[in-house]
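Subject: Structure handover

Hi,

Here is the structure I promised to pass on.

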Amino acid sequence: MISVIDYNGGNLFSVLKALDALGARAQVLTDPEQFSGGKILIPGVGAFGDAMQHLRRTGFDTFLREQAQAGTPILGICLGMQLLFEQSEEAPGEAGLGLLNGEVRRFRGDLKVPHMGWNQIEPRPKRRMLAGVQSGDYVYFAHSYFVPASGHSFEAATCEYGQRFVAVIEQDQLFAVQFHPEKSHRVGMRILKNFIEL
Amino acid sequence: MLAKRIIPCLDVDAGRVVKGTHFVNLVDAGDPVEQAQYYDEEGADELVFLDITATSDRRAILIEMVKKVATAIHVPFTVGGGVRSVEDMREILRAGADKISINSAAVAHPELISEGARAFGSQCVVVAIDAKWDHDHWRVFTHGGRRATDLDAVEWAVEAERRGAGELLVTSMDRDGTQDGFDLPLLKAITQKVNIPVIASGGAGKISHFIDAVREAGVDAVLAASLFHFRQLRIRDLKEAMKHHGIPVRTVS
């Protein structure tokens, strides 16, 4: 069972349908009390500040920290990945979940923002989430904020847009992707499948 | 490298694709799901569905269609046509669309752009601009090209960005349907002034037109309808050619 956290972000439909297409059972959680074991997915739509406020109001922030500590497999998608960090330039002063060290930044300079479209990822070897994914495979991104790549051990894949940033995170049972696997055709579906089959 | 996107545009009316793909082995050429799956397999990077006769009583039919398409494909898609409010946008996004394209309503109520961007993020808000050359500038038209406005297309593009649009879909009315090539001066005038992705539309007739739009006008994505529907050009062939010319594209094995 995969529990998808509903934090008022909006579009859960695509994620749920992708899980369904891969044969995974999924349920939507609007309250931590509804959790009945299994894996957790934090989808990604909306803004950092609003999302964190909603997570705190509903008690999901404490719940997620506890589950991460307990070793429950967690997958964050897009904003759901950024929320795992300590803070974001999108909402200065707003604390993130703090499960990973680092700050989420905004793309600057001559770049077009949002970084929108299909870009290539560079996986590091032997990452469970990236089984079957090749160097240079394209996935679909739609984001204005990013986690800079710094060579940290949790970086499972990176992508280049003006600078190198973190595309996939893997640390013990904590996983995250900056792109949208549910919109990334066969490559994205493979990554979701890897998470389902953990 | 960020790939240049190829986007087929499908016109829908009451949940059915009109002017759909011909000469393809489809059971039902009017079925949006079959069309979407066909283009997904062909390597389309994204799809645009344009509800050409959107009326409020048909909204429910459109929502059903969006849900079915979202179930069938795993690439992003945009829905446009008759979107007038943040609530309209929310309903379509919740049904599984990734982006909403707004045109006439954005001109009438520019705050709709910022409201949509605030509610759902800029990446969900596409502002569609229909432009036509008029003496010394490109004039913006609304209501499917039937109504002239006082807006200058380049200035309107800049304002749409300022208000929070995540992307611009720029259609040249002069070139639309001609297959004479994209309106490069119009597109270039806009890409030089904005810092958000621009989708070129109107005039695609052959491979070199797509290459010119990317190289000379600096667009991020190219859209076409009948050229793909009638299979004058297949997306996989187009992508091979673009790749051969050194343009980054996503190829599907």
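A quick term to start with: pLDDT is the predictor's confidence in each residue, on a scale from 0 to 100. Chain B has a mean pLDDT of 92, and 94% of its residues reach 70 or more. The model scores are ipTM 0.91 and pTM 0.94. This is a predicted model, in which local features need pLDDT of at least 70 and side-chain atom pairs count only at pLDDT 80 or more, while totals for chains, interfaces and linings use all residues. Residues are numbered from 1 along each chain as its sequence is written, and chains are lettered from A and ligands numbered from 1 in the order in which they are written.

The two chains

Chain A has five helices and 12 strands. (Helices, H or I with at least four residues, and strands, E with at least two, are DSSP runs numbered from the N terminus.) Its radius of gyration is 15 Å, close to the 16 Å that the globule rule gives for 198 residues, so chain A is as compact as a globular protein of that length. The C-alpha atoms of chain A fill a box of roughly 45 × 40 × 30 Å along the principal axes. Of its 198 residues, 49% count as buried. Here a residue is buried if 20 or more other C-beta atoms lie within 10 Å of its own, exposed if 12 or fewer, and partly exposed in between, with C-beta atoms placed from the backbone.

Chain B has 10 helices and 11 strands. A compact globule of 253 residues would have a radius of gyration near 18 Å, and the 17 Å of chain B agrees with that. Its C-alpha trace spans about 45 × 40 × 35 Å along the principal axes, and buried residues make up 53% of the 253.

Where the chains meet

In the interface, 28 residues of chain A are in contact with 28 residues of chain B. (Contact means that the C-beta atoms, placed from the backbone, lie within 7 Å.) On the chain A side, the elements giving two or more residues are α1 (13–21), β7 (115–123), β8 (137–143) and α5 (185–196). The largest share, five residues, comes from β7(A). That side divides into 13 nonpolar, 11 polar and four charged residues. In this count Ala, Val, Leu, Ile, Met, Phe, Trp, Tyr, Cys and Pro are nonpolar, Asp, Glu, Lys and Arg are charged, and the others, Gly among them, are polar.

Three strands of chain A form an open sheet in the order β5-β6-β9, with mixed pairing. (Two strands pair if DSSP finds at least two bridges between them.) β5 (87–88) and β9 (145–146) of chain A stand at the edges with a single partner strand each, so one side of each has no neighbour in the sheet. β5(A) runs parallel to β6 (residues 103–106) of chain A, joined by two bridges, and Ser88(A) stands opposite Val104(A) in β6(A).

Inside chain B

Now look at β9(B), where six of six residues are buried. Glu167(B), Leu169(B) and Thr171(B) point one way, and Leu168(B), Val170(B) and Ser172(B) the other way. β9(B) pairs in the parallel sense with β6(B) over six bridges, and there Leu168(B) is the bridge partner of Val127(B). Four bridges join β9(B) to β10 (residues 198–201) of chain B, also parallel, with Ala200(B) as the bridge partner of Val170(B).

These residues come up again in the largest nonpolar core, which has 148 residues. Such a core is a set of buried Ala, Val, Leu, Ile, Met, Phe, Trp, Tyr and Cys residues joined through C-beta atoms within 7 Å. Among the members that touch the most others are Val127(B), Leu168(B), Val170(B), Leu187(B) and Ala200(B). Strand β6 (residues 125–134) of chain B gives the most to this core, with six residues. Leaving out residues up to four places away in sequence, Leu187(B) touches Val170(B), Phe182(B), Val198(B), Ala200(B), Ala213(B), Ala217(B) and Val219(B).

Arg163(B) counts as partly exposed because it has 19 C-beta neighbours inside 10 Å.

Cheers

Conventions: Two residues are in contact if their C-beta atoms, placed from the backbone, lie within 7 Å. The radius of gyration is taken over C-alpha atoms; the globule rule is 2.2 Å times the number of residues to the power 0.38.
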